Amino acid sequence: MNEVLLEIKGLRARAGETEILKGLDLVVRRGEVHAIMGPNGAGKSTLSQVLAGNPAYEITGGSMTYKGADLLALEPEIRAREGVFVAFQYPVEIPGVANNYFLRTALNEHRKHKGLPELDGGAFLKLLREKMKSVNIDSSLVSRSLNEGFSGGQKKRNEVLQMLVLEPELALLDETDSGLDIDALKDCATGVNTLRSPERGFVVVTHYQRLLDHIVPDFVHVLHQGRIVKSGTKELALELEERGYEWIAAEAS
Amino acid sequence: MSFSMQPAWLTALRKKSAEDVARLGFPGRKHERWKHVSARDLLPSTTALPSHELASFAEDFSAPEAWAVLVFAGGIFRPDLSRLPETSRSWNVEPLSLALDFRGSDIISRLGTADPSDHPLMALNLERWTDGLFLRVSEGVELPGPVQILEIGSGSSWVRHLVALEPGAQATLLETHLSPEGVPTSTHSVTEARLPKGAKLRHVRVQRNSPASRSWSAMALHLGEDASVEATHFNVGNTVSRCEIHADLDQPGADLSITGLAAATSDDVLDALTAVRHLAPRCTSAQTWKTIAQGSSKSNFVGEVHVAPGADGTQARQQSRNIVLAREATVHARPQLEIWADDVQCSHGSATGRLDEKAMFFLRSRGLDSRAARAVLVKAFASEVIDTIPWASVRSDLEALIEGRI
């Protein structure tokens with residue numbers, strides 16, 4: 001079996017007064033794609049935010065180990081530079097920050113961290129153009145303010161573009177498929193599939209099975225009330241599509 | 001101060017202004033308009049003039065994009081450092097001191113006429129000014145390129161620029177105010193302009209004086225029918241400074257836009273006052289004032305908008321947006337709207353706060369540390385104003401200045 005990339009044990013987290021994750025366990029090995037499914041309010045987005053290190057969430061118990069180190073002890077930017085990437089469900093709009101300028105700054109932070117020389121404007125642009133093609137992102141978006149006035153599909157493509165440029169070891173995609181038409185969905189899936197490799201691990205958080213036709217997972221988990229209550233292979237996703245989540249809730253309680 | 005060669009009318013005008021100063025006095029902090037920086041804080045510095053380094057200053061800060069550059073050091077015109085355009089019947093671009101000799105009548109009818117009547121520092125400036133730009137553009141003519149004024153602080157300087165556009169004339173003016181590092185200077189600069197029908201003025205002022213300086217600068221504007229002024233003001237350098245824009249929209253269809261960006265650090269006190277009066281129907285004014293506050297600085301913005309009875313169809317927008325980056329830094333934003341007409345669209349808004357936490361977290365989640373993320377967001381905040389400047393050399397100077405101040 002491949003090396004463990006991420007190990008989450010008994011993770012508890014809350015936002016404000018509400019405890020959302022209530023003892024979550026998950027192991028992701030290099031080369032694996034895990035899908036996490038579950039109804040609204042199960043804690044899917046909280047898991048994404050906690051993995052990225054959002055200070056708005058408080059960890060109240062459990063552990064997260066990434067490449068053998070305590071992930072919870074790391075600042076968000078160190079997690080990112082160490083290869084953790086979260087594609088957010090609601091990408092922020094930042095007026096005045098040009099998409100390409102931001103992405104080059106981010107990439108160079110990663111490169112510095114790895115002891116690599118920074119990329120100059122020309123070399124970066126070449127790299128960016130290449131990556132843009134694979135997600136069909138309109139070249140005019142690249143010099144515009146980050147996500148400002150982007151459509152839903154453009155925002156999600158832009159998240160995937162960032163992932164392609166930063167080449168993470170562990171990527172979590174938080175409902176990247178929500179609100180996407182089929183073309184955008186395929187483009188995002190292509191982005192993930194081009195990055196799939198025996199070294200990388202993926203967690204795909206989604207409501208719907210249809211994304212999993214394009215990004216075929218090795219494992220499917222059901223998140224319910226802050227815990228993984230059922231795990232299986234890709235066939236589980238099909239069963240969920242057919243039967244809904246209620247039978248799992250009943251089974252879990 | 002002696003003004004030996006000046007015409008009698010000017011002696012009389014200076015004398016009258018001195019009387020105005022005596023009558024008005026210098027308001028202290030109790031006066032609402034002078035609450036944070038009092039007029040007394042801005043009185044002349046007595047430090048001796050440092051005359052060295054002027055040439056390299058002039059060279060470094062003359063914008064290559066400028067069509068003409070006039071350098072004033074300590075309020076004195078420096079022909080050796082300036083670049084005047086060829087003479088033409090369509091325009092005059094020259095120091096006031098020279099224009100007095102040849103175009104006295106053009107000046108006598110205009111000088112000081114745009115000033116608000118009740119302003120002590122304006123009156124003091126009108127009494128004491130030593131030189132400045134005289135810019136005249138003939139009817140319907142657009143100046144071939146931007147005129148830059150380089151005001152180099154040296155001791156105490158009193159400068160007055162007179163902009164005389166004829167109907168339909170268009171001009172772009174860039175004022176760069178700077179002073180030597182570590183040398184205390186005080187500058188008192190007024191730019192006055194009456195714009196007749198259809199005249200257009202684009203005005204950019206960059207105050208990048210050294211931290212030892214105190215500065216006061218004001219614009220006195222009157223806009224005629226369908227005249228327009230687009231003014232952009234950067235305040236990125238002084239320890240104590242105040243900038244003022246007084247604008248009367250006198251005739252229908254006048255259009256005024258004011259944008260300001262202030263970056264305050266350490267114990268700077270940066271003060272801004274805009275006083276816009278809508279005196280005729282169907283005029284528009286739009287103001288945006290932004291501040292980046294750090295250290296234990298104090299920044300203030302007072303925006304007065306007055307809509308006179310009968311000024312129907314007025315559209316007046318004003319907003320101030322401020323980022324406070326340090327606990328001890330303060331920003332006061334005070335919109336003051338006085339509306340005496342019925343059919344108007346007026347709005348004002350003010351937002352002061354820290355950097356957006358969601359944006360900060362997002363940038364960090366992509367690998368930027370807090371410091372870099374902050375710099376990116378502050379740069380973005382500033383670039384909304386900086387990017388409106390059409391000259392690359394000025395933009396990059398401002399970007400570097402602001403980056404250096406964070």
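**View 1. Surroundings of I94(A) in the predicted model.** I94(A) touches S145(A), L146(A), A359(B), F362(B), L363(B) and L377(B), with residues up to four places away in sequence not counted; contact means heavy atoms within 4.5 Å. The model is predicted, so local features need pLDDT of at least 70 and side-chain atom pairs count only at pLDDT 80 or more, while totals for chains, interfaces and linings use all residues. Residues are numbered from 1 along each chain as its sequence is written, chains are lettered from A and ligands numbered from 1 in the order in which they are written, and side-chain values use heavy atoms, with hydrogens and water left out.

**View 2. The largest nonpolar core.** This core has 123 residues, of which L24(A), L51(A), I94(A), M163(A), F234(B), L261(B) and L363(B) touch the most other members. A nonpolar core is a set of buried Ala, Val, Leu, Ile, Met, Phe, Trp, Tyr and Cys residues joined through side-chain atoms within 4.5 Å; buried means under 20% relative accessible area, exposed over 50%, and partly exposed in between (1.4 Å probe, protein chains only). Helix 7 (residues 370–386) of chain B gives the most to the core, with ten residues. Domain 1 (8–251) and domain 2 (356–406) of chain B both contribute residues, so the core lies between them. Apart from it lies another core, of 41 residues, with A68(B), F72(B), V141(B) and I245(B) among them.

**View 3. The two domains of chain B.** Chain B is divided into domain 1 (8–251) and domain 2 (356–406), with bounds from an automatic or database domain assignment. Their centres, taken over C-alpha atoms, are separated by 30 Å. The contact takes 15 residues from domain 1 of chain B and 14 residues from domain 2 of chain B.

**View 4. Packing of helix 5 and helix 6 of chain A.** Helix 5 (residues 152–166) and helix 6 (residues 182–195) of chain A pack at an angle of about 10°, with their axes 10 Å apart. Axes are lines fitted to C-alpha atoms, for helices over the stretch in contact, and angles run from 0 to 180 degrees between N-to-C directions. The two helices are therefore roughly parallel to each other (angles under 35 degrees count as roughly parallel, over 145 as roughly antiparallel, 65 to 115 as roughly perpendicular and the rest as oblique). Helices (H or I, at least four residues) and strands (E, at least two) are DSSP runs, numbered from the N terminus. From helix 5 of chain A, K156(A), R157(A), V160(A), M163(A) and L164(A) meet residues of helix 6 of chain A, including D183(A), D187(A), G191(A) and L195(A).

View 5. Phi of N147(A) is near 60°, a positive value in a residue other than glycine. N147(A) lies in the loop between strand 8 (145–146) and helix 5 of chain A and is buried, with a relative accessible area of 0%. S266(B), also not a glycine, has a positive phi of about 40°. S266(B) is found in the loop between strand 13 (255–264) and strand 14 (269–278) of chain B, and at 40% relative accessibility counts as partly exposed.

**View 6. The loop at T239(B).** T239(B) lies between strand 11 (228–235) and strand 12 (240–249) of chain B. T239(B) is partly exposed, with a relative accessible area of 21%. Not counting residues up to four places away in sequence, T239(B) touches P211(B), A212(B), S213(B), D267(B), D268(B) and V269(B).
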